[in-house]
Amino acid sequence: MPARTVFTASIESVSILDEHGRFDAQLGADLIPDEDVIKLYEAMTVSRQFDQIAFKLQRSGRMGTYPENRGQEAASLGTAYALNNDDWLVPCYRENTGLFWRGLPMEYILLHWMGDERGNQIPAELCITPLAIPIGTQLLHAAGLAWACKYRKEDRLACTFFGDGATSEGDFHEAMNFAANLDLPVIFLCQNNGWAISVPTKIQCSAPTLAQRGLAYGMESIQCDGNDIFAVVKVVKEAARRAREEHRPTFIEAVTYRLGDHTTADDARRYRDEAEVQLWMQRDPLVRLRNYLTERKLWNSTKEEALQTKAKEQVNAAAKRAEEIAATPTSEIFDAMYAEIPDEVRRQRDTMRTSSLGQEQRGIEASPAPSVEETV
Ligand SMILES: Cc1ncc(C[n+]2csc(CCOP(=O)(O)OP(=O)(O)O)c2C)c(N)n1
Ligand SMILES: [Mg+2]
C-alpha cells in the first residue's frame with residue numbers, strides 16, 4: 001500500500017498594526033474602540049515608568065532582583081483586556097502591564113521583588129495567581145484551574161503566561177497534554193521574547209515556530225505579533241471564545257522581544273548583539289501605539305507630557321506605599337504551615353530571638369530608608 005499523508009499542518013501569524021504603522025482595517029474592524037486604545041496606551045506608559053522606577057530601586061539597594069517588562073507590554077495587556085475580569089490570570093514574572101490592567105495595585109509587584117511575601121497575597125477577587133518564578137510550573141496550575149472551572153460549570157477560563165524557555169520544561173508538556181486531552185478551557189500564552197536568559201530561541205527549538213508545539217498535542221495553535229496590541233486582542237478573543245463555547249485549549253505564540261536585561265542580575269551585552277536590540281527598538285509596542293494615536297489625531301505632545309507626569313506620580317506613590325509598609329513580626333513565618341505546631345518547630349519559634357538571628361533583641365536598629373524622591 002502506498003504511503004499516504006495522514007496529517008498536514010500550518011501555523012497562521014496575525015498582525016494588524018505593523019511596525020511601519022500600517023493598520024489592517026479588515027482584521028482590526030470594531031476590535032478596540034478608540035477611547036480604549038487611549039487607555040491601553042496610558043497603561044503601557046505607566047508600566048514603562050514602573051520599570052524605570054523599579055530598576056532604580058534595585059540599583060539603589062532598596063529592592064532585590066527585578067525583571068524588566070520593557071518591550072513586552074502589549075502581550076499581557078492585550079490579553080487582560082480581551083478576557084473577562086473573573087477569568088484566571090496565571091502569570092510568570094513579565095506580565096506587570098496586564099496585571100495592573102486587571103486592577104493589581106502596583107505595590108504588590110514591588111513588595112514581591114523586595115522579598116516581602118505579602119506581595120504575593122493577591123486579593124482573591126482579582127483572580128490572579130502568585131508570580132511563578134520556577135519556570136513552567138504555573139502552566140499546570142492553569143490547567144488545574146481550568147479543569148475546576150469546567151467541573152463547576154462556571155463560564156470562566158484560565159490563561160497562563162510563560163516564556164519561550166518554559167516550552168522546554170516537562171511541566172509545559174504535561175500541562176499541554178492534560179489540557180488538550182481533557183478538553184479544558186485554558187489559554188497558553190507564550191511570550192517568545194527571543195531569549196531565555198542567554199539562550200536564544202533558535203537554539204532552544206529547532207522548529208520554525210513555537211506554536212507548532214501546540215499542534216503536537218492536538219490543540220489550536222496560532223502565532224501573533226506580540227508587540228501589536230490589536231493582534232494580541234484579536235487572537236486572545238478567539239481563544240477565549242473557543243474555551244467558553246467548546247472547552248478547548250489554545251496555544252498562542254506572541255512574538256515579542258525583551259528590550260532590557262533578563263533581570264537586574266544580568267548584563268545582556270555580554271551575549272547579544274546591539275544591532276538586534278536596535279532592530280527591535282523599531283518595533284517597540286509603546287512607540288507603535290503612540291504613533292498610531294498621533295497619526296489619527298487622538299494624541300499630542302500636551303497629552304503626552306501630562307501622562308508622563310501622572311505616571312511618575314502614580315508609580316512614586318506606589319513605591320512609597322511599598323517601602324512604608326510595616327514589617328511583619330518575624331515569628332509569622334511559623335504561622336501558616338501547621339494547624340497545630342509540632343514541638344520542634346515551636347522550640348525554634350520560641351528560641352529564635354535568643355539566637356544569632358535576634359538582631360532586634362540586641363538593640364541593633366536598621367537605618368531609615370531615604371525617601372523615594374531622594375534616589376528615584
Ligand atoms: C525550573 C527553573 N529552572 C531554571 C530557572 C532559572 N531561570 C530563571 S528565568 C530563566 C529563563 C526563562 O526564560 P523564558 O521562559 O524564555 O522567560 P523570559 O525570562 O525570557 O521571560 C531560567 C532558566 C528557574 N527559575 N526555574
Ligand atoms: Mg524568553
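## A first look at the chain

Let's start inside: leaving out residues up to four places away in sequence, I187 touches L157, C159, V236, A239, A240, A243, T250 and I252 (a contact means C-beta atoms, placed from the backbone, within 7 Å). I187 also belongs to the largest nonpolar core, which has 91 residues, and is one of the four that touch the most other members, along with L110, V186 and I252. Such a core is a set of buried Ala, Val, Leu, Ile, Met, Phe, Trp, Tyr and Cys residues joined through C-beta atoms within 7 Å.

This is a predicted model, where local features need pLDDT of at least 70 and side-chain atom pairs pLDDT 80 or more, while totals for chains, interfaces and linings use all residues. Residues count from 1 along each chain as its sequence is written, with chains lettered from A and ligands numbered from 1 in the order in which they are written.

Now the whole chain: it has 15 helices and eight strands (DSSP runs, H or I of at least four residues and E of at least two, numbered from the N terminus). Its C-alpha atoms fill a box of roughly 80 × 60 × 45 Å along the principal axes. Of its 376 residues, 42% are buried, with 20 or more other C-beta atoms within 10 Å of their own.

Ligand 1 has 15 residues around it, the closest being I135, G163, G165, A166 and A196 (near means a C-beta atom within 6 Å). β3 (158–163) and β5 (195–196) each give two or more residues to this shell.

Terms used: A residue is buried if 20 or more other C-beta atoms lie within 10 Å of its own, exposed if 12 or fewer, and partly exposed in between; C-beta atoms are placed from the backbone. Two residues are in contact if their C-beta atoms, placed from the backbone, lie within 7 Å.
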